[in-house]
Amino acid sequence: MTVEELARAMEKDIDCVYEGLLNTAIDIDSLEADSHLDEVWIKEVIKKAGMKLKWSKLKQDKVRENKDAVRRQQSDPALLIPRPPVVTIMGHVDHGKTTLLDKLRKTQVAAMEAGGITQHIGAFLVSLPSGEKITFLDTPGHAAFSSMRARGARVTDIVVLVVAADDGVMKQTIESIQHARDAQVPIVLAINKCDKAKADPERVKKELLAYDVVCEDYGGDVQAVHVSALTGENLMALAEATTALAEMLELKADPSGPVEGTVIESFTDKGRGPVTTAIIQRGTLRKGSILVAGKSWAKVRLMFDENGKIVNEASPSMPVGIIGWRDLPSAGDEILEVESEARAREVIDWRKFEREQEKNKDDLKIIEQKRKEHQEAYQKIREKFGTLLWKERSFMKYLERKEQKSLRLKERTERDSSILPVVIKGDVDGSVEAILDIMDTYDASHECELELVHFGVGDISENDVNFAEAFHGIIYGFNVNVSKAIQQSAAKKGVKIKLHKIIYRLIEDLQEELSNRIPCIVEEQPIGEASVLATFSITEGKTKIPVAGCRVQKGQLEKQKKFKLMRNGHVIWKGSLTSLKHHKDDISIIKTGMECGLSLDEENIEFKVGDEIICYEEKEVLVKTSWNPGF
């Protein structure tokens, strides 16, 4: 310790340290503020100052070495060989993207999709009659799948923008253009449904000018091909336009060295465990390779193409299904090959540690904020009770506790009725991500809170039912199955399971459930109206009761219902009638055109000629949630 540090630690002046060292073997004149003192002299100074010494070891935080796997450096141009282009088909929902791919693949994908809309990214390798190969990605066009479209654009070389000739540029068309622009990917325009009577391809080209997509006809560089996915007209011209653009781009990749790729989609298969659809970008993937992606790793057990046929190796640009993952990686994760299982575990441990550190930092900020709030609240209480005597203080605190107890109980019952806990299960990672993205747009927490309890990929399990039961929630399943045993267990525990195959149906169901949790509003429905023609009073015992002589103008007055007195458009009184008479007879209902006398349940109210008396009943009306997910 230096002289200055010791003085600071003792909270004394620097001269105090010099005084403590008087009459010792140390030469005080040679001591400077930054001179280091030995342990024996530090003890001497502290002893003379009447203080005690406490020893403690300095903790040194070990800085962990970064063990992450990273992409290798750019390959030697001599090693690069031409590769098939990766082409993403994008566009608005129902503009014929999947049908167009079907014709190229001569399959029936569109017929198998629920509701005829694509809800996953499909990856296919298409061989053209010329012998050239193209890897196609079919992305969903529905508004719910924005993240999937963005992911499709990121791994692609060319975007084929499909626009229906009879429909023109729509919302997701614009979004697809934006994704392609963000990923800096060239566009080929496919104007579909040209066989329809209302088709107007020129209108489509003109509309696209507003979004900086300028076709060759208008002096731009975007190729436009008029096609009909249904009849197969001009599809070869589209394929040729795509391959011509790919040749200009000179797409090449290194087939040697460690594999690099991207997870397009991931899901859990009952018999095969976690499965991913991936596109290989560098290297050649073979059986037995060790891969890492996100917080998961795999030893490749099996690979298969889009038709389920087993393949032994996958070269760059090839879409392939990979089996052998320990956990399910997320769609969009980067795939990297490592040399051994030990190295894969090391990479995953490092990534988990890094994530934990980030989480701890975030938690620390929240804790600090909460501590500050508690400190401020405590100071306010101190100021509030500071001037009171202890008896008054104790009594005030007792009253506050009593009030808080009743408030908490009220809050809890209100909270339970206006909160919707949900468990989300989907068939693939991308679907779950799309649903969660939509739930992120929820902005009606003031009406009813939407609470995500748990989410995952795969069929609904007993664990999901337990989660839903604990939180009194609902399980939503998208394209998943539920076994009979799980259904029985859920019914026994009173847990609702709702299954859907189309994403917007699931969201509509969620909106309905939220609406059911919102408290009903009470609406007044008029039954009859009467106007006051004369006022007089009758004496009952010693009290004078004001009576109004009225004529029913509309509907009827029913004594059992509720009434309100209106004057100049303002409500003067609301309540019930004490008497309703026609001539001298008590009566329960007075109809239109009849005259009557009536008195109110409040004696202080005075009638005036021209007042209106309205008979009404209160009805509870269901409220719809104000949340609009945007489709």
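This is a predicted model: local features need pLDDT of at least 70, side-chain atom pairs count only at pLDDT 80 or more; totals for chains, interfaces and linings use all residues.
Let me start with helix α12, residues 429-440, and helix α15, residues 503-517: their axes come within 11 Å and cross at roughly 40°. Angles under 35 degrees count as roughly parallel, and the crossing here is roughly 40°, so α12 is oblique to α15. The crossing of these two helices is right-handed.

Which residues make the contact between α12 and α15? On the α12 side they are A434, I435, I438 and M439. On the α15 side they meet I503, L506, I507 and L510. Sorted by class, this contact has eight nonpolar residues, with no polar and no charged ones.

Now the second pair. Helix α13 covers residues 462-471 and helix α14 covers residues 484-493. Their axes come within 10 Å of each other, and the crossing angle is roughly 15°. With the cut-off for roughly parallel at under 35 degrees, that makes α13 roughly parallel to α14. As for handedness, α13 passes α14 in a right-handed crossing.

What does α13 bring to this contact? It brings E462, V465, N466 and E469. They meet I486, S489, A490 and K493 in α14. By class, the residues of this contact divide into three nonpolar, two polar and three charged.

To put the two pairs side by side: α12 and α15 cross at roughly 40°, with eight nonpolar residues in the contact. Helices α13 and α14 cross at roughly 15°, and their contact includes three charged residues. That is what I have on these helices.

Note on methods. Residues are numbered from 1 along each chain as its sequence is written. Side-chain values use heavy atoms; hydrogens and water are left out. Axes are lines fitted to C-alpha atoms, for helices over the stretch in contact, and angles run from 0 to 180 degrees between N-to-C directions. Helices (H or I, at least four residues) and strands (E, at least two) are DSSP runs, numbered from the N terminus. Angles under 35 degrees count as roughly parallel, over 145 as roughly antiparallel, 65 to 115 as roughly perpendicular and the rest as oblique. A crossing is left-handed if the near helix is turned anticlockwise from the far one by less than a right angle, and right-handed if clockwise. Contact means heavy atoms within 4.5 Å. Ala, Val, Leu, Ile, Met, Phe, Trp, Tyr, Cys and Pro count as nonpolar, Asp, Glu, Lys and Arg as charged, and the others, Gly among them, as polar.
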